[in-house]
Structures are given as C-alpha cells and as structure tokens.
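Student: I've got a structure open and I'd like to go through some of its packing with you. Can we take it residue by residue, then look at a helix pair?

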Amino acid sequence: MNSKNKLRTFFDSKQDNEKYIQKYEENKNFFNDLLTTGHKEDIEFVLPIKLYKYADPLNKIGNYKKALDVILEVENDLNKIKGQSKFYYQYLEGVIFLRGVCLGKIKRYRASNKEFKKLLQSNPNNKNFIGWYKTNQKNEILRIKNRVIQIGILFYLTVLVIEIANDEIKLISIREIGLAIAFLAMGTSYILKKKIDKQKILIE
C-alpha cells in the first residue's frame, strides 16, 4: 500500500479531530508536494482531506484563525483545477460554507453572511444555510442591543452620580432617559428577532 492509499485509508476512518489534525501536519510536506505538481488527480486527492479533515477539525476544536488560513489555501489550490474537475463546485461550496461558519464563530456576523448569501444564491431553500444566515442576523442584533443597553445604563449611572454629588441638582426625568433607551433596545431586539424567524430570505 503506497503513501496515498495509506493516508486515504486513515482519513476515511473515524478519528478524533485532534488525530486528523496531527496526521495532516505530520504529512504536510507530502501534501504540499502533491498540490505543487499541478496534476489534477493529485490536487483532487489532497483538497477534500485538507478541507474536511484538516480545516474543519480545526474549526471544531475552536482554532478558527488557523482554520480560516487553511481555507484560504484550499481556495487558492482549488483554482488550479477550475474548469477541469467535476468536483470543483462541490469543494467550492465546502470552502464557502466552512469560511462562513468560522467567521460566525469569531462574531464577524456580517462577513459570515456574505458567504452564506453566495450559497443561498444557488441553494435558496437549503435549511442549513438559511439557519446560519438567520442566526448571524440575530447575533448581530443582539450585539447592537447589548451596546445600546450599556450606553443607556452608563447614561443613567452618570446622571445619578451627578445627583448624589450635588443635592441641589435633581435630574430624575433626564436620568430615566437612560433606562428608557435600555428598555427600548430590549423591546426592539425582541421584535426584530421574531421578524427574522418569520421572514423569507430574498437574495439578489
């Protein structure tokens, strides 16, 4: 059994994410040599391993930055077989999806949804893509809500401190603006998230 067959057998077997990562890195020079040759068959051999058994396990253990770096490498390698391989679009979809997932995990929700928009253009009814897209929208709303609440509470406490420091100053009505901002943010966030649940995603 040659090196390619041994590696194929290993990566086709069920392993822990850490073992996939370790095995790929132990053989990185071998994989890079195959990718450098430019032969379609060699590139087709390496790409699914690099994407699904290296980048994805990196994503699953929380090493999102490294996973994104590897995904970019896969995308560049994939361009070598564009128009030549029947697997090109399958692997491209994997690249876009995994990048969208990683970006979402590091709270870059808008950037993540740019990737899922690409996927939804060709797969508008895919529930997994729709789920990620809507979750990113909700998380972005939640992040904005939390910032607005923090501003409202900070405003409230600042005015309260001014009142405590000077008994002659009573700013109760002004102080309550801060609480109103916080409650408005919570209410608006709830309404928007419910709207997202019900909306049909239209991708231009």
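Student: Which residues does Asn59 touch, not counting residues up to four places away in sequence?

Tutor: Keep in mind that this is a predicted model. Asn59 sits in helix H4, and at 4% relative accessibility it counts as buried. Leaving out residues up to four places away in sequence, Asn59 touches Tyr64, Ala67, Leu98, Val101, Cys102 and Lys105.

Student: Is Arg99 buried or exposed?

Tutor: Arg99 belongs to helix H6, residues 88-105. The cut-off for buried is under 20% relative accessible area. Arg99 has 13%, so it is buried.

Student: And which side chain does the side chain of Arg99 make a polar contact with?

Tutor: Start with the contacts of Arg99 beyond its neighbours within four places in sequence: Leu68, Ile71, Glu75 and Glu115. The polar contact, side chain to side chain at 3.4 Å, is with Glu115.

Student: Now the helices: how are H2 and H4 oriented to each other?

Tutor: H2 covers residues 17-26 and H4 covers residues 40-60, and their axes are 9 Å apart. They pack at an angle of about 130°. Angles over 145 would count as roughly antiparallel, and 65 to 115 as roughly perpendicular. H2 and H4 are therefore oblique.

Student: What is the make-up of the H2 contact with H4, by class?

Tutor: From H2, the contact is made by Asn17, Tyr20, Ile21, Tyr24 and Glu25. H4 brings in residues including Val46, Ile49, Lys50 and Pro57. By class, that contact has eight nonpolar, one polar and four charged residues.

Key: Residues numbered from 1 in each chain as written. Predicted model: local features only at pLDDT ≥ 70, side-chain atom pairs only at ≥ 80, totals over all residues. Heavy atoms only, no water. Axes fitted to C-alpha atoms, helices over the stretch in contact; angles between N-to-C directions. Helix = DSSP H or I, 4+ residues; strand = E, 2+ residues; numbered from the N terminus. Parallel < 35°, antiparallel > 145°, perpendicular 65-115°, else oblique. Contact = heavy atoms within 4.5 Å. Nonpolar A, V, L, I, M, F, W, Y, C, P; charged D, E, K, R; others polar. Buried < 20%, exposed > 50% of the residue type's maximum accessible area, 1.4 Å probe, protein only. Polar contact = N/O pair within 3.5 Å; in protein donor to acceptor, adjacent residues only side chain to side chain.
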